[in-house]
Every structure is written in C-alpha cells, then in structure tokens.
Amino acid sequence: MISPDTLVFVAVAMMTIALLLAMIRFSKGPSIVDRVVAFDSLTITTLVIISIVAALSNRMIYFDVAIVYGLLSFIGVIVVAKYIQKGL
Amino acid sequence: MKNLFVSFVVLMIAWLLLNWTLDPINLLIGSGLSIALSFIFCSKCELFTSINLTPKAFLYTFLYLGVFLIELIKANIDVTKRVLSPSLPINPGIVKVKTRLKSKMARLILADSITLTPGTFTLQVEGDTFYIHWINVEHTDVETATKELVSKFEKYLEVLYD
Amino acid sequence: MEWIKWLGAVMLLMGAFSLLVSAIGLLRMPDVYNRVQTGTKASTLGAIVSFIGVGLYQYENWGDGNWVGRVLVLIIFILLTNPVSSHVLMRAAYFMKVPLTKLTKTDKLKEDINNNIVKEPENE
C-alpha cells in the first residue's frame, strides 16, 4: 500500500544522495570557489530537509531554524567572495 | 515620500507574513515598528524612486511574475536534459547584451531575473552593458543575444519602472 | 481531503528530483561557471517546489501556527538572496582568474578588458 508518507521518504532518500554527491565535490574541488559552490548546494538541500523534519514532527520552531540558517549561509558566501577578491 | 511609503509597505508585509494574525494590537505594533524603521533607514535613500505606483503597474507585476515563472520552468527542463544526457551537450561562453532600461532598480531586477533562470547568469554589469555567461551560446553578436535573453523581461519592466 | 496531502508529497518528490539533478550537474560539469549554472541555480526551483510541497503536506496543522506565512517568507528570501550570492561569487572567481573550460566558445568580457572598455577591479 503506497501512501503519501512513502513518497516523502523516497524524497528524503533522493536528497541524501544529493548531499553525498555535493560532499564529493566539496572534498575534491580544485579551487576554493568550487568548494564554496558545493557548500551553497549543501545549504539549500539542508534547508529543505530541515523543513521536512519540521513538517513531520509538527514543530513550527524548526522552520525558524531554516530561515536563520539560510540567512547565515548567504552572509557566509558573500564574505568568502569578498575575501578571495580583496583579502577582507 | 514615495520611498518612505514603499519601504513601509515592504516592512509591513514582512511583519504580517511572520506573524500571520490580524488582531488590532499586532497591527498597531507592526505599523509603529515599520514607520520607525522606514524613517531611520530610508529617510534619505533613493532606492524606490523609480517605481510606478499606478494600477497598470500593479497588474504588470503579476504578469511579470507569471512570465518569469514560465521561463524558470522552461530553463530548468532544458538544463535537466543537458545534465542527464550522457554526452554532456554544453556550449558555454560569455556574451554581451545591452539593455534600454534606465533606472538602477529595474537593472537590478533584470540582472536578478537573468541570474535566476538556469543556463544564464550575469557576470559583470557596466552601465547599460551586461556580460552574461550562457551555457549554450547560440548567438555571439550583441543584438541577437539581447533579443534572445533580455527582451522578454524588458518589456514588462519598462512599465513597472521609469 | 486526502488529495492535498498527495499533491504535497508529489511536489516534494519533484523538488527532490530537481535537487538530485543539480547535484549530479555539480559533479559532471567541467568548470566552476558551469557548475554554478547547474549546481546552485537549478536547485532554486527544486527548493521552492519542495517548500510548497511541505506546506501542502502539512495542511492538517495549518490551524496550529503560521505555516503558510513561514513558507512564503522562506521562498521570497531564497528568491532574493540566491542570485546576489551567486553573482558575487562568480564575479570574484572571474577576476581571480579561475580558468574557463576549453569548450568555451567566446569570452566578450576578456576582449573588452583587453580593449580597456572595462576596468578590472583593483586588488588591495
């Protein structure tokens, strides 16, 4: 019997594979920019996973965690870009 | 005045979305905070000067969002095909386009829209010239590339901003 | 009202597929610029679709709190910040002279820098 919950678990499995692939690029990446790009991709996937956890456990406070995490990662990427261009 | 009004509306929408109630005390606190913040941070700024506040512009905002969503989905399908096909059919390059939009805000929205559509992103902006990295270069001369990439967004943004 | 839950789950699955495709692109593409094309930006639509799916999946609990508002805030937030961060990062990469792949057809920016139409930003 297939239910919506099954589809959600399949989706989480696909996202885990996506995290793994981005991790490979993160550890391999020839230049620093490759690593930052992989980090950005990891962040977005993690945001989606946090929101799924919030929905499954029915705690809205986890959604706020996702919002703040997205904000921090945006600032982090901007800071790294500034750093590699001008050295802070 | 227009700057203060637009920044007040934006802050108020953010407050309402985060709280999601309409009871009077909440509205009072939110509008007080929004007025204070827009006076502190936007009493001299010129960020929203070029926005048109007419009914036509209001209608065109939604039209623009619709066009943008359709372009986003089309470009996503295209990039998905490119990534999943075994021979990796990419053809990248950096092309130059010119826009006829004048105001800074409109250029910002245009550059953001181009960047958000997969397959193209804005690498550098110099006045009215955009340098765009394109994953599948079809035309290298300025006019055809402009027609291909910019025109579909430009005709809506011209109505929204002057 | 079971179908809303089904719709949410199917949208979540589509979003997950899009995220997976972008991760594959991140591995397969030959240089940084193409990795950004597929890696961070193809995942934007995937993330948006996933968030809408989560919001629909959770429709039973809409009374408990502001799920709809939070989902909208998150979507607007991603739409505003993602292009800015990827543009800043790629501009830094270009002026740091990260090489373009050999497949590259044209580079108009390089030509214009050589013709002194565009000035390179100075490194301090």
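**View 1. Pairing of strands E1 and E3 in chain B of the predicted model.** Strand E1 of chain B covers residues 93-98 and pairs with E3(B). The two strands run in the antiparallel sense, and 6 bridges link them. One position to look for is Val95(B), whose bridge partner in E3(B) is Ile132(B).

**View 2. Pairing of strands E2 and E3 in chain B.** E3(B) also pairs with strand E2 of chain B, which spans residues 120-126. This pairing is antiparallel, with 6 bridges. Here Ile132(B) of E3(B) stands opposite Thr122(B).

**View 3. The hairpin of E2(B) and E3(B).** There are 2 residues between the strands of this hairpin. In it, Gly127(B) has a positive phi near 60 degrees.

**View 4. The contact between chains B and C.** Chain C gives 35 residues to this contact and chain B gives 33 residues. On the side of chain C that touches chain B, at least two residues come from each of the helices H1 (2-28), H2 (32-39), H3 (42-57), H4 (67-95) and H5 (108-114). H4(C) supplies the largest share of that side, 11 residues. Sorted by class, the side of chain C that touches chain B holds 15 nonpolar, 14 polar and 6 charged residues.

Conventions
Residues are numbered from 1 along each chain as its sequence is written. Chains are lettered from A and ligands numbered from 1 in the order in which they are written. This is a predicted model: local features need pLDDT of at least 70, side-chain atom pairs count only at pLDDT 80 or more; totals for chains, interfaces and linings use all residues. Two strands pair if DSSP finds at least two bridges between them. Helices (H or I, at least four residues) and strands (E, at least two) are DSSP runs, numbered from the N terminus. Two residues are in contact if their C-beta atoms, placed from the backbone, lie within 7 Å. Ala, Val, Leu, Ile, Met, Phe, Trp, Tyr, Cys and Pro count as nonpolar, Asp, Glu, Lys and Arg as charged, and the others, Gly among them, as polar.
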